[in-house]
Amino acid sequence: MIDRALNLSSPAFRLFAMRQLGLLALLVAGISPRAMAGTWTPLVRSAPGGVNLMIQLSDGTIAAAQNDGSTIGRGWFRLTPDIHGSFINGTWSVLGSMIDSRLYYSSALLQDGRLFVAGGEYGTGASKSEIYDPLTNIWTANPIPTTVLNPAATSPVTGGAQAFLDSMAKITANGSVLISPVAPRTSGGTVLYNPNTNTWTNGPRLFRGSYQDEASWVKLPDDSILTIDPFGTNSERYIPATNTWINDGIVPVSLYDPFGFELGAAFLLPNGKAFFLGSTGHTAIYTPTGTTSPGTWIAGPDIPGSHGTPDAPAAMMVNGNILCAVSAIPTSGNHFPSPTSFYEYDYVANAFTAVNGPTGPTDNISSFEAAMLVLPDGGVLYSHFGSQLYVYTPTGAPLTAGKPVINTITSNLDGSYHLTGTGLNGISEGAGYGDDLQMDSNYPLVRLTSGTNVYYARTFSWSRTSVMTGAAIVTTEFRVPQSLQGGTYSLYVVANGIPSDPVTFSAITDCNNNGIPDATDIANATSPDCNANAIPDECDVPPICPTCADCNHDMIPDICQVPPICPNCLDCDANHIPDSCEIDCNANAIPDACDVAAHTSPDCQQDGVPDECQIPPLCPTCKDCNHNNIPDACDITAHTSLDCQANNIPDECELPPLCPTCPDCNSNNIPDACDILSHFSPDCQADSIPDECQLPPLCPTCADCNHNNVPDSCDVNLGTVPDCNQDGIPDACQTNPSLCGGSCLADCDHNLVPDSCQLVGSFSRQSPNLSPFVQPNPQTYLLTSPPVAAAGDVTLTFKAVADIDSASEFVNISVNGIGLGNVFTTSGFTCPLANTTTLTCAAATWNAAVAGGNALITMQPNALVDGLCSGASYISVKVDYATTEGDCNTNGILDACELASGTVDDCNANGRPDSCDIQDNLLTDLDHDGRADQCGCGAFCHGDLDLDAMIDGRDITPFMNCIAGHNLSINDCGCADMNNDNRLNNADVQAFVTELLTNPTLQCP
């Protein structure tokens, strides 16, 4: 019972109320308040370069692939925790480089502790594989038979070369690597690599064929592998017992986005279900049956804030929550949005909680530019592809269900140990991403502690690669590090950051395997220990200690050959490497780094290499084109030399005399290409030659006929001046006397267009749809009075809807009874589709056929073209050809010029010589004298019907014939039109009689 009144205005109550309202809001929003956000901590030391993919090695160190940004790389680094087991305070070292360059590829840690990689979406390793051995620090090529993957052959899935590319991969129950190439040898093909026999074989075919591009795979407790098929909602599973892929359930929501077709990570949850994150912002949860029967899918909670996972890292943390990196849901205009936000997914509450990023509320990158890895100490290592990495430390205790149990530890004859227990593989695969980055870590690590000191043994030969193995006995071998001193330690097995309870472990080290404890070897001086670290020197150098330094291979640790252990030894840059092992490119017995530090050698690029070593002769392939003993790149960086093309070559080296063949046509000491790039000189032809160098006087043979400082070819090509005959010379330069002098082309109408360009016209005529079109009835189209003279081939285009769907059905074409051939002779055309075909007729054939003035085109279907299309059938024809309309009388002189000079008649003033009108039946010439009857007497006088220059009795008969309308053969009835009113009637008779009676022998003027 409350015995005092609640003060509603007190600060304590307000704080209480705010907290309760906050919890209520979170619950209403579907976001779990169960777990508080963890903390982000930057690593104290930056990596030597950018990092993307991170792999947990079995000795407790981290292998990190070098990729600055999203560049394609070969390099790898190692992150080693400090003596107290802190990765935040860890140190970086450089590992051996891969043989091939890669970005986005398959990766897996093999059961013997070696690192396997295959493929690469980018780089030289698309169809190749190689393996890294941490004991030797060497990458070895892993050849693939062409019967499994042949890069010289085409993949039926992608149409490109067969290749892994950014393929998915998992370690199977028997330790083999199962890979699904993106460009497989056969549709749905997978491959298997067995590291125990070092053999490649073709794997089982995917249930639906095709490929697993952009997919995510989840290993289930029964060792089957679950996937959602790209790019839909079908799922399938790999069953290791039968080595087959089988069909599984339908996913209730779409997880692949429709733009980049991406997907996020997928996980086995602590409750045994699988959880998939979608690029669309949806999630899905799968409950397995544990048999080959399909499991069941349900929709999970949508990612809050309209976020999705278009390629995005996530990690199963020791408290059971999943740390997720997400971005905005992709759109058609932005497949990979930024920035990246972060959530924790709580599988118990089935909800998301927003958390900050490593540098603020968000990380200003796209989510595909990040990677995660679960660390042995329970943190999550995070990289955003740069050199600064971070650790996310979650709140809450590790899940008891994920805690390994140690049963026994026994010694092996070779000095290693055999450990048995349960749960050694953990209850998840650790961190995930999707197809581009794979960093499964479901294998046991062995951690030894003494006070605050932490050491990791190297595990190998794990008996299982499963998850959630329950009460099944799992084994692993391990070997303690050479640096471990004899004594008593607490030993833990760690699975994905969750440690077992400790057991006491007594370490007796015999690193050189001579049957004598190391401490006794050192005490008896049978083994030296120059640095007094309780490790015999032969064990403090490779190969027994792969990470130790012995640069000169004299079996003495480098640390013993530099001060202060060796006061008289040289280590000028105090990097604990003897000077004799350092690079000395100029052979002056001083390490390059010291030459640079002491300024005895310049280093203009600040890359630690003396300048003299980056120019000939010390570097024959290096560039010092101006011979000033400074690398070209430094000349450019220091602006002592210009590089207008930004091609890392000083401009003076791209000009004579340093480059006798380099062009500087305008002699302005600027490379021609730079003149053009800076728009100082135009280059209208885009041939990398400034225009002024293609004009007189720089080019005496070049043409600029119109003197506009533009090459004639540019004037023509750009269409700024006409070139009707397409000879590359502007028309004005061929017709304007001031430009062409005495060699001008004919331009009778003085329009600055060569007459030759105006002699040709065109004719085009289209018929209507002529229907119906079935055998035996043809369809015809009449061209009335077409121009007779075709200057080139005539094209007849036919369009038809008809029963012409086989090669035996066709249409015969003729013009004025002259056959031109058959059309629609190819099978495949039928109702109700309209089909088009063309027929070409030679000009001579056409002109002969239509010489009579009209063209009757007949389209005759053959006997097999029946009424299948019924009334919907039709055919049409279009006629196109070039004509001589600009010179209708084909005398080589423009009609317009002949008309202007009066050398031809145009009595009807239609702009066309009468002779052409007569030829085309537009005017009559009944007396065949070459002059149109309608055009009067012309140069003769009215009444002189016989055209003898006199009006007399001989004109009476022809005059009367004209009046009567008789057909005349030689006379011009125009002279019978006495009053010149274009009509012959009684008025003309009266005038003719008057003229004849008044002047019976009138002499015409």
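1. The side chain of Glu344 makes a polar contact with the side chain of Tyr392 at 2.5 Å, and another with the side chain of Asn321 at 2.9 Å. A polar contact is here a pair of N or O atoms within 3.5 Å; within protein, one must be able to donate a hydrogen and the other to accept it, and residues adjacent in sequence count only if both atoms are side-chain atoms. Glu344 belongs to strand β27, residues 341–346, and is buried at a relative accessible area of 2%. Buried stands for under 20% relative accessible area, exposed for over 50%, and partly exposed for values in between (1.4 Å probe, protein chains only).

2. The model is predicted: local features need pLDDT of at least 70, side-chain atom pairs count only at pLDDT 80 or more, and totals for chains, interfaces and linings use all residues. Residues are numbered from 1 along each chain as its sequence is written, and side-chain values use heavy atoms, with hydrogens and water left out.

3. An open, antiparallel sheet is formed by four strands in the order β7-β8-β10-β11. β7 (106–109) and β11 (138–141) stand at its edges with a single partner strand each, so one side of each has no neighbour in the sheet. Strands are DSSP runs (E, at least two residues), as are helices (H or I, at least four), numbered from the N terminus. Two strands pair if DSSP finds at least two bridges between them; β7 and β8 (residues 115–118) run antiparallel and are joined by four. Ser106 has Ala118 in β8 as its bridge partner.

4. The whole structure holds five disulfides, a disulfide being a pair of cysteine sulfur atoms within 2.5 Å. In one of them, the sulfur atoms of Cys566 and Cys569 are 1.9 Å apart, and the link is right-handed with 65° about the S-S bond. Cys566 is buried at 19%, whereas Cys569 is partly exposed at 22%.

5. Cys572 and Cys594 form a disulfide with their sulfur atoms 1.5 Å apart. This pair links distant parts of the chain, 22 residues apart: Cys572 is in the loop between α2 (518–523) and α3 (592–597), and Cys594 is in helix α3. Cys572 is partly exposed at 42%, while Cys594 is buried at 10%.

6. The disulfide of Cys604 and Cys634 has its sulfur atoms 1.5 Å apart. Cys604 lies in the loop between α3 and α4 (632–637) and Cys634 in helix α4, so the pair ties together parts 30 residues apart in sequence. Cys604 is partly exposed at 34%, and Cys634 is buried at 4%.
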